[in-house]
Amino acid sequence: MPKKTFYITTPIYYPSGKPHIGTVYTNIVTDSIARWHKLLGEDVFFSTGTDEHAQKVEKEAKEKGLDTKAYVDTIIPHFKDAFKKYNISYDKFVRTTDEDHKKYCQKLVKKLYDQGDIYKGKYEGWYCNGCETYYTEKDLVDGKCPLHGTKATWFEEEAYFFKMSKYEKKVIDYIKKNNYITPKYRQEFILSRMKDGVRDLCISRTNSEWGISLPWDHKHKIWVWFDALPNYTSNTASSPWKKFWPANVHVIAHDIIWHHSVIWLSMLLAAGIELPKKLLVHGFIMGEGGLKMSKSLGNVIDPLELLKKYPVDSVRYFLLREIPLGSDGAFSYHALRERHNSELVNGLGNLHARTLSMVEKYYSGKIVKSPKNELPKKFNYAKFEESMSNFELHNALSEIMHFVNECNKYINDNVPWELAKNNKKRLDIVMYNLADSLRLISILIEPFMPETSENIQKSLGMKKKEDYKKAKFGLLGNNKLEKVGYLFTRIDEGETMQKKETKVETKPVIPFTDFEKLDLRVAKIIKVENHPNADKLYVLQLSLGSEKKQIVAGLRSHYKPEQLLNKKIIIINNLQPTVLRGVESNGMLLAASKDQKVVFLTPESDIPEGAKIS
Ligand SMILES: [Zn+2]
């Protein structure tokens with residue numbers, strides 16, 4: 001019987017500069033899922049690559065005085081090098097400048113044109129060069145791109161349009177019926193955005209030399225996204241890869257969900273191609289303190305620099321364990337070191353070193369089999385597998401680490417060095433359970449930490465990589481150990497890293513316990529008076545149910561008394577009382593402000609005064 005196929009993709013990346021930590025993160029996530037399916041014995045196809053027809057790439061090449069393709073050719077090795085160093089086990093690296101991809105796209109757009117799904121019209125609108133995307137007036141923030149914060153430019157041109165609106169209903173049905181987008185709240189977000197209606201999509205431009213020409217009108221180049229998305233199907237257009245479509249999982253970050261749901265599904269529906277099964281959306285990697293990484297803050301993490309100080313498996317482990325898949329997560333050297341030292345060095349590394357040194361000492365480095373399963377049965381297979389199938393990689397890793405702790409505890413509870421003196425039979429059982437558990441762990445961590453997995457298997461004298469079917473008790477033979485040294489060594493705060501960190505100015509994240517200290521309440525304004533000594537201030541009398549209190553608020557230039565009376569507001573109830581120009585104030589109301597505008601916060605629907613906010 002043919003093996004079950006599994007096709008997983010990363011987005012393809014703009015070949016602009018070097019790959020950043022977010023790119024590497026996407027590929028680590030994808031790699032772990034791909035490796036997991038290989039471990040399950042499936043026939044896996046994993047693709048990644050570069051999206052090369054962007055106008056900004058053409059612009060960069062021009063600035064450097066280079067031919068665009070020649071320029072891009074100098075960038076690609078950086079990407080391949082980074083992926084190699086991070087042990088990304090991709091099967092195909094697609095470039096949108098590949099001849100077969102270009103031919104595929106032309107064939108696809110021609111089909112849509114011939115069947116009337118692409119028509120000629122005129123485009124006018126706001127365009128962001130950074131996103132290579134048109135925006136409506138409403139999408140822009142102060143006339144600027146919502147993602148880049150750069151000024152959008154007004155554009156008018158004759159262009160071709162894809163009848164995307166025609167597929168709106170089918171796309172909604174498909175997303176809903178198949179729970180296409182994980183996590184669920186991302187799906188809800190897209191579906192609610194679709195409620196505003198889906199417009200036809202401009203898919204060509206004439207202001208560029210760089211790109212794939214429309215086969216019936218060479219003056220027009222295909223819009224970069226309309227050429228990039230079909231990489232997923234051009235990869236599998238010919239045998240022997242045909243069997244992999246439809247893709248099982250597209251992995252992306254949350255800034256390109258619209259492209260991968262609405263646009264991509266509509267294109268496939270129009271082309272009569274089967275739809276992919278799952279869109280897995282992960283978060284952004286933020287800098288220290290949860291701030292966006294930027295050159296000006298000096299908090300950009302170079303993924304290759306990172307590997308000069310930290311082992312690749314520590315970085316992979318940290319990113320996968322620290323950040324729940326789907327959420328944004330903050331990168332911090334401190335947290336990376338913490339996880340490395342406490343979980344990998346003291347946890348897994350210590351278990352490995354202790355077990356192997358005892359096998360060496362008491363059995364001259366030879367495994368002695370014993371039939372009683374005491375330790376591997378403590379591993380929670382069901383929870384681990386469930387986490388993997390729900391893409392909760394952080395929870396799966398947590399299960400493995402929980403088991404590692406169980407193993408270390410087992411050593412402490414059984415005191416093998418005492419057994420060696422007086423109970424050889426018991427020692428056989430304990431040591432075999434430990435060694436076989438290490439083998440089990442080596443299989444379980446393979447998707448996340450492939451090098452460490454290999455090291456453990458080598459140290460246990462295992463001749464070949466074992467798959468998940470072998471992740472059960474009693475399969476470690478009477479092997480002879482091999483020396484591989486320590487799996488991990490401790491990393492202390494180095495000078496250079498320390499300097500980097502203190503240079504970054506960040507607002508620190510606060511622990512939840514700090515937030516809990518705030519007593520936030522709903523209060524009703526029952527009286528509004530002008531402050532006797534200050535013309536910007538009101539004195540407000542509030543009701544919090546049984547409790548009444550007075551606060552002073554600077555709202556006089558923003559609200560008339562009648563606009564405030566009987567309104568419900570949010571206050572900090574436990575702020576230290578203060579006297580403002582001779583009037584006592586026993587709290588503070590919450591208001592939002594931007595430029596000159598100030599608005600107070602109010603509960604979205606009616607709720608009794610005194611209600612606690614958490
Ligand atoms: Zn933009």
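## Contacts of Phe448

In this predicted model, Phe448 touches Ser32, Asp313, Arg316, Leu320, Phe384, Met388, Leu393, Ala396, Leu397 and Ile400, leaving aside residues up to four places away in sequence. Contact here means heavy atoms within 4.5 Å.

## Nonpolar cores

Phe448 is among the residues with the most contacts inside the largest nonpolar core, together with Phe162, Phe226, Leu306, Leu319, Phe331 and Phe384. This core has 154 residues, and at least three come from each of domain 1 (5-282) and domain 2 (332-470). The domain bounds come from an automatic or database domain assignment. A second, separate core of 16 residues includes Ile525, Tyr538, Leu564 and Leu589.

A nonpolar core is a set of buried Ala, Val, Leu, Ile, Met, Phe, Trp, Tyr and Cys residues joined through side-chain atoms within 4.5 Å. Buried means under 20% relative accessible area, exposed over 50%, and partly exposed in between (1.4 Å probe, protein chains only).

## The zinc site

Cys128 (SG), Cys131 (SG), Cys145 (SG) and His148 (ND1) coordinate the zinc ion at 2.1 to 2.3 Å. Donors are N, O and S atoms within 2.8 Å of the metal (3.2 Å for Na, K and Ca); water is not among the atoms, so sites may look incomplete. The site is tetrahedral, with angles of 97 to 118° among its four donor atoms; four donors count as tetrahedral if all angles lie between 85 and 135 degrees. The donor residues follow the spacing C-x2-C-x13-C-x2-H.

Cys128 is buried, with a relative accessible area of 1%, whereas His148 is partly exposed at 40%.

## Basis of the values

Residues are numbered from 1 along each chain as its sequence is written, and side-chain values use heavy atoms, with hydrogens and water left out. In this predicted model, local features need pLDDT of at least 70 and side-chain atom pairs count only at pLDDT 80 or more, while totals for chains, interfaces and linings use all residues.

Definitions and conventions: Four donors count as tetrahedral if all angles lie between 85 and 135 degrees; four count as square planar and six as octahedral if opposite donors are over 155 degrees apart and all others between 65 and 115; anything else is irregular.
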